[in-house]
Amino acid sequence: MGLSRPGLWLKRLWVFLQVAMHVAVGKVFLILFPERVKQQVLAMNQKNPHFSYDNWLPTFYGMQYFWFVLKVRWQRLEDRTEPGGLAPNCPVVQLSGQRCNIWDFMQG
């Protein structure tokens, strides 16, 4: 299924380094150019009326941000498959609200 163990760990290491660089550069830009970063973030969130820059600013490029982005990127690595390969065992939610995995529905 999907990536082999060594291949998965190498890709995870690469993603870790990418996210770490993204957060470090973002933090530097936030310190050196706070107004420009604010303009950029506000431009990305024009469609969300509940978005408040002042409420979200402390979360940008911090440790919580780092771990969240890393977790999402690592999950995406495991969600990929090759044509003809097995489907990833993604978490799903039934209409009843019960959480399970996609492989729980496999038969035979």
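The model is predicted.

**Stop 1: the annotated span**

Select residues 12-33. UniProt, in an unreviewed entry, places the feature "transmembrane region" here. The span is 95% helix and 0% strand. Its end C-alpha atoms lie 31 Å apart.

**Stop 2: R12**

Is R12 buried or exposed? R12 counts as buried, because its relative accessibility is 15% and the cut-off for buried is under 20%. Show its surroundings next. Leaving aside neighbours within four places in sequence, R12 is in contact with W74, L77 and E78. Then draw a distance from R12 to H50. The two are 38 residues apart along the chain, and their C-alpha atoms are separated by 33 Å.

**Stop 3: the nonpolar core**

Select V19, V41 and Y53. These residues touch the most other members of the largest nonpolar core, which has 15 residues. Which elements give two or more residues to this core? They are α1 (5-32), α2 (34-44) and α4. The most comes from α1, with five residues.

Stay on Y53 and show its contacts. Not counting residues up to four places away in sequence, Y53 touches L30, P34, V37, K38, V41 and L42.

**Stop 4: the loop between α2 and α3**

Move to N48. This residue sits in the loop between α2 and α3. N48 is partly exposed, at 36% relative accessible area. N48 and G97 are 49 residues apart along the chain, with 26 Å between their C-alpha atoms.

**Stop 5**

Y61 lies in the loop between α3 (53-56) and α4. Check its backbone: phi is positive, about 60 degrees, although Y61 is not a glycine. Y61 is buried, with a relative accessible area of 17%. F60 also counts as buried, at 16% relative accessibility.

How many aromatic pairs does a search of the whole structure find? The search finds six. One of them joins F60 and Y61. Their ring centres are 6.3 Å apart and their planes meet at 45 degrees, so this pair is tilted. Turn to Y61 and Y65. Here the ring centres are 5.2 Å apart and the planes are at 65 degrees, so the pair is edge-to-face.

**Stop 6: helix α4**

Select residues 63-78. This is α4, with 16 residues. From its first C-alpha to its last it reaches 23 Å, close to the 22 Å expected at 1.5 Å a residue.

Which residues of α4 are buried? F66, V69, L70 and L77 are. Look down the helix axis. The buried residues of α4 fall within an arc of 100 degrees, so they line one face of the helix.

M63 is exposed, because its relative accessible area is 54% and the cut-off for exposed is over 50%. M63 and P49 are 14 residues apart along the chain, and 26 Å separates their C-alpha atoms.

**Stop 7: an aromatic cluster**

Finish with F16, F66 and W67. These three form one aromatic cluster. F66 is among the buried residues of α4 seen at the previous stop. Keep L77 in view as well: this buried residue of α4 is one of the contacts of R12 from the second stop.

Key. Residues are numbered from 1 along each chain as its sequence is written. This is a predicted model: local features need pLDDT of at least 70, side-chain atom pairs count only at pLDDT 80 or more; totals for chains, interfaces and linings use all residues. Side-chain values use heavy atoms; hydrogens and water are left out. UniProt positions are given in the numbering used here, feature names are shortened, and annotations may be inferred rather than shown by experiment. Helices (H or I, at least four residues) and strands (E, at least two) are DSSP runs, numbered from the N terminus. The expected span of a helix is 1.5 Å times one less than its number of residues. Buried means under 20% relative accessible area, exposed over 50%, partly exposed in between (1.4 Å probe, protein chains only). The arc is that of the directions from the helix axis to the C-beta atoms. A nonpolar core is a set of buried Ala, Val, Leu, Ile, Met, Phe, Trp, Tyr and Cys residues joined through side-chain atoms within 4.5 Å. Contact means heavy atoms within 4.5 Å. Rings of Phe, Tyr and Trp (its six-membered ring) pair if their centres lie within 6.5 Å; planes under 30 degrees apart count as stacked, over 60 as edge-to-face and the rest as tilted.
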